[in-house]
Amino acid sequence: MSYLESNLKTVPTGMRKVLYLNWPLIVLLTAVACAGFLMLYSVAGGHLDTWAAPQMKRFAAGIIAMLMIGFTPIWFWRNVSALAYIFALLLLVAVDLFGAIGMGAQRWLELGPIRVQPSELMKVALVMFLAAYYDWLDVSKVSRPLWVLVPVAIILLPTFLVLAQPDLGTAVMLVLGGGLVMFAAGVSLWYFGTVIALVVALVFGVLESRGTDWQLLHDYQYARVDTFLDPGADPLGAGYNITQAQIALGSGGWSGRGFMQGTQSRLNFLPEKHTDFIFTTLAEEFGFVGAFSLLMLYAGIIFVSVQSALSNKDRFSSLLTLGVAGTFFFFFAINMAMVMGLMPVVGVPLPLVSYGGTAMMILLAAFGLVQSAHIHRPR
Amino acid sequence: MRRSQKQAQESRSLLTRRGLMLGGAQAAIVAVLGLRMRKMQLEQADEYRMLAEGNSVKIRLIPPARGLIYDRNGVLLAGNEQNYRVTITREDAGDVPKVLSDLRRLIPLSDADAEDLLTDIKRRSPSTPVTVADRLSWEEFSRVAVNAPALPGVTPEVGLSRAYPRGPDFAHILGYVGPVSDYDLSQIANPDPLLRIPKFQLGKLGVEAKMEDDLRGRAGQRRVEVNSAGREMRELGRQEGEPGSNLQLTIDYRLQNYALARLGDESAAAVVLDVQTGDIMAISSAPSFDPNLFVRGISSANYKMLTDDDHRPLADKSVQGLYPPGSTFKMVTALAALEAGVIHPDETVYCPGHIEMGGRRFHCWKRSGHGRVNVIQSLEQSCDVFYYEVAQKVGIDKIAEMAHRLGVGVRHDLPMSAVAEGVAPTKAWKQERYGKDWRIGDTINASIGQGYVLASPLHLAVMAARIASGRAVVPRLIRSRDGVETPIAEAPPLDISTAMLDQVRRGMNAVMNGSHGTARGSRTVAAEWKMAGKTGTSQVRSAVVNNKNVPWEQRDHALFVAYAPYDNPRYAVSLIIEHGGGGSAAAGPVARDILLFALADGLPPLSAYPENQRSTIRTRQEEMDLVDPASVGTAKSRA
């Protein structure tokens, strides 16, 4: 009998659960989403129907899903986490086999009227399953090699399936999200140090091997690295996206050029302006004030979640909350870093702002799990 | 139960720790993102705003100041001078011919130049500035500057250009710089973007070319805003480059000046080495030329004059010129013979005036013969037959090996152009080069520095320095780089016994101071500067006739090597006067003067010369036009 279940009596029931919701989190999520609606309206050239309205509908649906998931007891989610992982894994295999072609890569699965992106689902399922694994595992065993190999396999299995699509951005997100849960669960820092050292050595080796007999990558792959390191070197070629994005961002200045006044986005200089690069439009039109405010909203979401996780005495709930918050963090941090030229371009959307159905639904569902952990925490 | 509770508590605190670490890391990353936003949107906003408005930011290179070159005392040999020039930009000038004719009232510009300029301006893009006049005087330049408002599109500019204040004295050492040519660019695998700047100066010859990478420096950058027409609107940022490294040569500018002046109108070369350090104190080739002419773009008439001169001023005879060393090579043969044991110091060889070999007769320069001579006497009187005899016993390969040890027939690594390797022939060398077997007659010729033997004045100076010091000194030209002295490792001993070296040294002493010495007339009477040397006369054609009666280009080359002081050697000198006649008469006195100048660190006192020569020497000293040390600033006084 777990510690959690022994405290069952103190858990709120019925409509009282509404009072115990993490309300600051809901407010912050809604604020971010509203910024997104505004931007989608702007990049559509003042048309609501193009992107903003569908996004609003999805947000509404997502919020309802979040509440439903949140009101469901957390132990239910713990019990189904393995199932969720296997389900997501099967969908990933299915998408590799039958998936429709989208953006040059297989990512979508048509299930009747709805399109599902299993890799998005996997991001949450992976965090759930790992949290359950570490809840079940005796804490004294977490750093033993065999018990470290199990979660590594759990992470790498879907990662390879995603890489096969190919979708480097999501693969990176899966590794980071899974690694974060392992870190939170207390796996020895030596493992992380070793992996980081190996990755650094690999990157160094790849860069050093260039032009030698044992060159590890193709020339075009090095060209992408060059583009990241100096986008200005080839501003009309490979560096076009990033150069234009930076011009848009930088030209925003302190207070921006005003709502719907951004010339870069207006004149279609910007690529994928409603999805991965939407942050540049916001930064151009609302300037530093707008961009920094959005960053603070995101930071607020992370803060509220981490606070909830650390005050929760249930191990599964804590790990799950940290994992969801971490995944969310990686979303916006990678997107912003990429747009601001701190990182190579990988396809990661800005969470809750970029146009995209599955991503928003899945994220809100994930925050539903956070809500459930929050409501049903032992007191 | 207690245990599991304790365990649960431990796992909780571990999770809290890790959770806080995660939160901290995330906060740090958020801070980085925020700072990046601040940088891009607040600090660089203007630049990005301008980019967004269709203007563009261009990177303009700032050419670095080329490294300066000094002599060993800190006297400037190669500097950068302000170059006042005037450019015109078509876009701003409007009516170009009118502006140009206005301008011609202020600065001299010939009709032909003006016409060329007009076509040039039309050919270029409207926004490209075209140089109207270069190297203006300050007066001309300020006249244009004052009138600039009335001259639309005309810009007075100041740039840096290479200048060689010591002119011809250092032309062959330093070489010169010139604008980068397409050929230069094609020779470089990955050219520095600097080289693409119009009129950028690149080392073409000599130290300027060989030390180009050190002297050039690193380009700075200016980020400028340019409008769609390519015109500069304003400067956004500036990052200064690094000037090139300053070099200090081992050359003494006064000695260099004196050596060149002393060579006079001859086609000649002289090298002075410090026998202990290998420092090249002077290395002159006469006649010389003014390198400044090349920097400014030499006129075809001037260039034709230089190339048509039969004294070949453009050639650096000191390191590129290869000559049969003649009798100056006898020290090599003597040392090889002594070391091989085929001759002993107390042994003599009989010289009847010639030897017969393979049906050929090889003459001594003295047809009547020298009689019995030992090693010292053979050097003193430069007896050829002595060397014919011993060389046959030693064999050419040992002579060549000795030559290499003394620095002849090897390439000395100096940052000068076309440093020649020379030839100290071996049997294998002839087989490879000519596909013919070595013959004994070849050995006989080589023994007195004729035949296949070829050496530059540098080789002979190194040889003299090595004999004098008994060490394998290596010639050095760069004394320091940016104030950091080039390390000189103490030269390893030559591995020739002192007794044998002394035989040769005494022979060289006898050449100048012995009663029968071939260069007795060139001796010095100053005891503290006693000289040892060796004459050489190398034949340009086969038959020996009186040099006075043949045309200049058929006369013998006159050579001389020497070092001093005999007891405690400091400097070694080598000298060649092309077609100068005999080594003793033509080269000896010049070598003496240069060596004494080095020792005295200035014009040598007349008391150093034999009494009967003093009046001639005085007249010559008075007639020489030398650099005045008072007129030359040193690096310290300038700083």
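Me: In this predicted model, two residues count as in contact if their C-beta atoms, placed from the backbone, lie within 7 Å. How many residues of chain A are in contact with chain B?
Reply: The model is a predicted one. Chain B brings 29 residues to these contacts. On the chain A side, the number is 38 residues.

Me: Which helix gives the largest share of the side of chain B that touches chain A?
Reply: Two helices of chain B, α1 (2-43) and α2 (45-52), each supply at least two residues of that side. By class, the side has 14 nonpolar, nine polar and six charged residues. The largest share is 23 residues, and it comes from α1(B).

Me: Is B:Met463 buried or exposed?
Reply: B:Met463 sits in helix α20 (residues 457-469) of chain B. A residue is buried if 20 or more other C-beta atoms lie within 10 Å of its own. B:Met463 has 27, so it is buried.

Me: How far apart in space are B:Met463 and B:Ala403, C-alpha to C-alpha?
Reply: In sequence, 60 residues separate B:Met463 and B:Ala403. Beyond four places in sequence, B:Met463 is in contact with B:Leu406, B:Gly407, B:Val408 and B:Val561. From B:Met463 to B:Ala403, the C-alpha distance is 8.2 Å.

Me: What percentage of the contacts in chain B with a separation of 6 or more is between residues 24 or more positions apart?
Reply: Chain B has 24 helices and 21 strands. Of its 639 residues, 43% are buried. For contacts with a separation of 6 or more, the share from residues 24 or more positions apart is 73%.

Me: Which element of chain A has the lowest mean pLDDT?
Reply: Chain A averages a pLDDT of 83. Over residues 234-238 of chain A, pLDDT stays under 50. Among the elements, helix α14 (residues 315-339) of chain A has the highest mean, 93. The lowest, 51, belongs to strand β1 (residues 100-102) of chain A.

Key:
Residues are numbered from 1 along each chain as its sequence is written. Chains are lettered from A and ligands numbered from 1 in the order in which they are written. This is a predicted model: local features need pLDDT of at least 70, side-chain atom pairs count only at pLDDT 80 or more; totals for chains, interfaces and linings use all residues. Helices (H or I, at least four residues) and strands (E, at least two) are DSSP runs, numbered from the N terminus. A residue is buried if 20 or more other C-beta atoms lie within 10 Å of its own, exposed if 12 or fewer, and partly exposed in between; C-beta atoms are placed from the backbone. Ala, Val, Leu, Ile, Met, Phe, Trp, Tyr, Cys and Pro count as nonpolar, Asp, Glu, Lys and Arg as charged, and the others, Gly among them, as polar. pLDDT is the predictor's confidence in each residue, from 0 to 100.
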